[in-house]
Amino acid sequence: MKDSRPVNLDIGTIKLPITAYASISHRVSGVAMVAFSFVLLWAFDASLSSRESFDSLVSLLSGFGARAAVWVIGVALLYHSLAGVKHLIMDFGVGESLEGGVLGSRIVFILTLLGAAALGVALW
């Protein structure tokens, strides 16, 4: 009996549709937001502890690395929110087809890129 299953599945050569990238990105942005929430809670606590702690936090956040981290957090939040809205719209029966899913994913990616650029301009 001949086995027709693939012998070696190289994940790097598989062509995934844009909807798969949108789904994977939605999960990654959610995990990133959970990880960054601890940093944000620490910064919030530091900003409310004392005037000196607030001033040191302001000086820490004025550096390039801190602004880049804030940009990454903002882009993750923006993407996750937009993809979540797309999922909610699909829950109402709009865009459930393959074409609708592709169009929705493209719209989410484009709006995220525009928002990331706007956030970058606002931070720098």
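**Close-ups of a predicted model**

**View 1. Helix H1, end to end.** Helix H1 runs over residues 18-49, and at 1.5 Å a residue its 32 residues should span 46 Å.

**View 2. The buried residues of H1.** Which residues of H1 are buried? They are Ala20, Ala22, His26, Ser29, Gly30, Ala43 and Ala46. As for what covers them, the list includes helix H2 (51-61), H3 and H4.

**View 3. A tilted aromatic pair, Phe64 with Trp124.** The structure holds 2 aromatic pairs, and this view shows one of them, with 5.7 Å centre to centre and 40° between the planes. The partners come from distant parts of the chain, 60 residues apart: Phe64 belongs to helix H3 (residues 64-91), while Trp124 lies in the segment after helix H4 (98-123). Is Phe64 buried or exposed? Phe64 counts as exposed because its relative accessibility is 64%, over the 50% cut-off. Trp124, at 47%, counts as partly exposed.

**View 4. A stacked aromatic pair, Tyr79 with Phe109.** Here the ring centres are 5.7 Å apart, with 15° between the planes. This pair also links distant parts of the chain, joining Tyr79 in helix H3 to Phe109 in helix H4, 30 residues apart. Tyr79 has a relative accessibility of 6%, so it counts as buried. Phe109 is partly exposed, with a relative accessible area of 26%.

Terms used: Residues numbered from 1 in each chain as written. Predicted model: local features only at pLDDT ≥ 70, side-chain atom pairs only at ≥ 80, totals over all residues. Heavy atoms only, no water. Phe/Tyr/Trp six-rings, centres within 6.5 Å; stacked < 30°, edge-to-face > 60°. Helix = DSSP H or I, 4+ residues; strand = E, 2+ residues; numbered from the N terminus. Buried < 20%, exposed > 50% of the residue type's maximum accessible area, 1.4 Å probe, protein only. Expected span 1.5 Å × (residues − 1). Contact = heavy atoms within 4.5 Å.
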